[in-house]
Amino acid sequence: MAQEHGPAPRLAADPHTDAHIAEAIRQVSADHIRQTIEKLVSFQTRSTISAQDEGPVKAGKGIGAAREWIKAEFERYSKDCGGCLEVKTDTFTEPPGDRIPKPTEITNVYAVLRGSDPREANRIVLVTGHYDSRNSDILNGTDPAPGANDDGSGTAVSLECARVLSQASSKAKFPAKFPATILFLTVAGEEQGLNGSKHFAQVAKQQEWKIEAVLNNDIVGGDRNPQQDTSVVRVFSEGLPAAASEAEIKRIRMLGGESDSPSRELARYIADVGRSYDAGVKPLLIFRLDRFLRGGDHRSFNEQGFAAVRFTEFRENFNHQHQNVRKDEANGIEYGDLPKFVDFEYVAHVARLNAATLASLASAPAPPATVKMLTKNLENDTKLTWEPSAGAVTYEVAWRSTNAADWEYVQTVSSGTRATLKVSKDNVIFGVRAVDAAGHRSLPVVPEPER
Ligand SMILES: [Zn+2]
């Protein structure tokens, strides 16, 4: 897509790096991640329907023991950053259902790194993994269900992001201040039916939390199989928003906006972070909600209208998921989700990509509001207007051909909140983002046509 005339725009693939964020993600430790996953596996089962009363918790068995340990771990990180994290739980009783034989208490455990700017602290970016596990029988709450990859890996990513970003925000040497709030979540009940994330997302919606992004990490262990590609991690994002009304779907159809849901813009943002920071793994964007026959916690957030994506390793080994630990002597196949199949370096790379995304979003100004594209007259130029974002010093208009997957060009708008581009709105899709003095970019907002 060539611009018709006027000053040449930049290529959108230009990387941009914040030294504080680069330093923060270097602190991610594969060894620490290994310790976290091994600890989670030591509870033998983290089935949501496993025992969670005092006895087993004290004995270090079952989901209750896992819950207490995660809480203590967050509290330990908080102590190390001068109490910078608020450690919380979200507990509710799930009524009986197909996969829940009797009323079951489910607890999500999370830590909040409150934004440093009171005007921005109500904006939230969130990372999550599920700490519950299962074996071959979804109603078995007693036999081993190690869940090292599914989803010890995602839980470890959330914990490791909490550890390094809380450190980064408190260190005198690299004081990476995050104006917006970062929330590190671990949920339960995923295997029984996304129960924990559903509850959490519903509460967030009811309480009108401004969650701008949800990064769900589920099966990011880089299972050691010959077809694995450890250079990439898949990032799944919905096309049509699950929460869109009939009227919104109609508008999306008119505009050709099928590939511009907030979740998909978040996925493109992650691609940008992947070009800007050396995480050790590149995001491979999959323009689809999830894999066939499978679901995940990002969906619970999508259903409440939040932008949410799923990170998953490139090549899954289904012998190592949702399986009783056993060996088939006839063919030598080992079943079960054991730590020995997990590549801890790979999990560390995924954690770096997550941490860089969280830090970039939490450092950036809010996305511009009320972004409009004037369509009053038939003309080949494009006129855009928007409302200012606090903390923004410039704005960027990004665009791409309608058949391109990712942003191709960017034009900086150094003053004001309007732009006229010598590019035909009929041929491209635009997004406007806010940029602060240090170059942190917000998520882009696709303009609404205005007549
Ligand atoms: Zn899972």
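Visitor: How are the donor residues of the zinc ion spaced in sequence?
Guide: The spacing is H-x19-D-x67-D. Donors here are N, O and S atoms within 2.8 Å of the metal (3.2 Å for Na, K and Ca); water is not among the atoms, so sites may look incomplete. This is a predicted model: local features need pLDDT of at least 70, side-chain atom pairs count only at pLDDT 80 or more, and totals for chains, interfaces and linings use all residues. Residues are numbered from 1 along each chain as its sequence is written, and side-chain values use heavy atoms, without hydrogens and water.

Visitor: Which atoms are the protein donors of the zinc ion?
Guide: His130 (NE2), Asp150 (OD), Asp218 (OD) and Asp218 (OD), lying 2.0 to 2.6 Å from the zinc ion.

Visitor: Where do His130 and Asp218 lie?
Guide: His130 is in strand 4 (residues 123-130), and Asp218 is in the loop between strand 6 (210-217) and strand 7 (232-237), so the pair ties together parts 88 residues apart in sequence. Strands are DSSP runs of E, at least two residues, numbered from the N terminus.

Visitor: Buried or exposed, those two?
Guide: His130 is buried, and so is Asp218. Buried means under 20% relative accessible area (1.4 Å probe, protein chains only).

Visitor: Now strand 5. How many of its residues are buried?
Guide: 7 of the 7 in residues 181-187, so strand 5 is largely enclosed by the rest of the structure.

Visitor: What does strand 4 do with strand 5?
Guide: They pair in the parallel sense over 7 bridges. Two strands pair if DSSP finds at least two bridges between them. Val125 stands opposite Ile182 in strand 5.

Visitor: And how many bridges join strand 3 to strand 5?
Guide: 5, with strand 3 (residues 104-113) running antiparallel to strand 5. Tyr110 stands opposite Leu185 there.

Technical notes
Helix = DSSP H or I, 4+ residues; strand = E, 2+ residues; numbered from the N terminus. Buried < 20%, exposed > 50% of the residue type's maximum accessible area, 1.4 Å probe, protein only.
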